[in-house]
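I opened my notebook next to the model and jotted down what I looked up. Have a look along with me.

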Amino acid sequence: MTRETLFNLAVLAGLIALPLYAHLADEPFTITLATRAVILSLAAVGLNIALGIGGLVSLGHAVFFGIGGYAMGILAFHAQTYMPLMEAPFLIEGTKSMPVIWLVAVIASALAALLIGLLSLRTSGVYFIMITLAFGQMFYYFAISWSAYGGEDGMSIYVRNGFPGLNTLIPIQFYGLCLAALVLALGFNGALARSRFGLALNAARQVPDRVRAVGLDPFRLRLVAFTISGAITGLAGALFADLNRFVSPTMFSWQLSGEFIVFIIIGGTARLFGPVVGACLFVVLEHYIGGWSDYWHIWFGLLLLVIVLFGRGGVIGLIAGKARAHG
């Protein structure tokens, strides 16, 4: 068992133990804070499939996060107002069911990622970064002008969506759902990286000409990875909206896309638990240092600078060394 595997298990144990302690100590805010960290981790895990394995630096991944959030917000809004989304040619009503909302969020985000990928992946390098940024801004300004669902002010949801057999209003139970989603995504990410597809995608990132020579299409490999990546990030968006019971155009902002990338860099690019470590550090610094100063981003920036200059494997690389990624 490698040092990285042991570290990953320790992180997972911490994600289980800390909220349980907070539940026993009657500290619901700590559970809510941990839930936010887990959901942001899930969003970054989605991006890590495209960035860590495929080498696709996307500054528009908040698009899928926002689509997932608005899928939840729109369905829940129509459920709480008893207004159908559509009456003709067939009836579509809102819902408070989390499984249905998640399915809609994943499908909508995957379709958006597929369409965006079909255009964006015809470019590379800085051009790919800029076109994904452009898509992000398009969705952001569309959400601002979408007055039916709050426009610039966003939209509040006054219900907590339900999951069969659970009371999602209890913080520890909702946290358990989010943690389960994260663990499943991490398991899928690890299996994908070790699969033939993952190896081919990694090869397409490094030596695309050789991949073409053996009869594989790097464009299709990247498109599939980008679509899967968007779907997972969309699920995180739906959970984030349910946590806050609020959606707004800021869920589409390019700053959020940048934060997802920073999570991965801080934790360790292409490391299985890299996004988790980065997101948790971000939430901890935001809460504790942000309580002391409004300029806490300075300290977060210094941390990022130190890691980029002296620890390119991220926090996990500094701790586990040059162990095999996804260990």
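Which residues form one aromatic cluster? I found Phe 65, Phe 240, Phe 260, Phe 263, Phe 282, Trp 296 and Phe 300 in it. I noted how rings are paired: rings of Phe, Tyr and Trp (its six-membered ring) pair if their centres lie within 6.5 Å, with planes under 30 degrees apart counting as stacked, over 60 as edge-to-face and the rest as tilted.

A note on what I am reading: this is a predicted model, where local features need pLDDT of at least 70, side-chain atom pairs count only at pLDDT 80 or more, and totals for chains, interfaces and linings use all residues. Residues are numbered from 1 along each chain as its sequence is written, and side-chain values use heavy atoms, with hydrogens and water left out.

**Overall build**

I looked up the secondary structure and got 13 helices and two strands for the protein chain. These are DSSP runs numbered from the N terminus (helices are H or I, at least four residues; strands are E, at least two). The radius of gyration is 20 Å, which agrees with the value near 20 Å for a compact globule of 327 residues. That radius is taken over C-alpha atoms, and the globule rule is 2.2 Å times the number of residues to the power 0.38. Along the principal axes, the C-alpha atoms fill a box of roughly 55 × 50 × 40 Å.

I then checked burial, and buried residues make up 50% of the 327. Buried means under 20% relative accessible area, exposed over 50%, partly exposed in between (1.4 Å probe, protein chains only).

**The core**

I asked for the largest nonpolar core and got 104 residues; Leu 15, Leu 42, Phe 65, Leu 182, Phe 226, Leu 239 and Val 276 have the most contacts inside it. Helix 2 (residues 28-53) gives the most to this core, with 16 residues. Such a core is a set of buried Ala, Val, Leu, Ile, Met, Phe, Trp, Tyr and Cys residues joined through side-chain atoms within 4.5 Å.

I followed Leu 182 next. Leaving aside neighbours within four places in sequence, Leu 182 is in contact (heavy atoms within 4.5 Å) with Leu 15, Val 38, Ser 41, Leu 42, Val 45 and Val 276.

**Two single residues**

Is Thr 132 buried or exposed? At 2% relative accessibility, Thr 132 counts as buried. I placed Thr 132 in helix 5 (residues 125-145). Not counting residues up to four places away, Thr 132 touches Val 57, Ser 58, Leu 59, Gly 60 and Ser 120.

Ile 289 sits in the loop between helix 11 (274-288) and helix 12 (296-310). I wrote Ile 289 down as buried because its relative accessible area is 17%. Val 284, Trp 296 and Trp 299 are what Ile 289 touches, with residues up to four places away not counted.

**Ring pairs**

I found 17 aromatic pairs in the structure. Tyr 70 and Trp 146 are stacked, because their ring centres are 6.2 Å apart and their planes at 15°. This pair links distant parts of the chain: Tyr 70 is in helix 3 (residues 62-81) and Trp 146 is in the loop between helix 5 and strand 1 (155-156), 76 residues apart. Trp 146 also forms an edge-to-face pair with Tyr 149, at 4.8 Å centre to centre and 85° between the planes. For burial, I noted Tyr 70 as buried at 4%, Trp 146 as partly exposed at 28% and Tyr 149 as buried at 11%.
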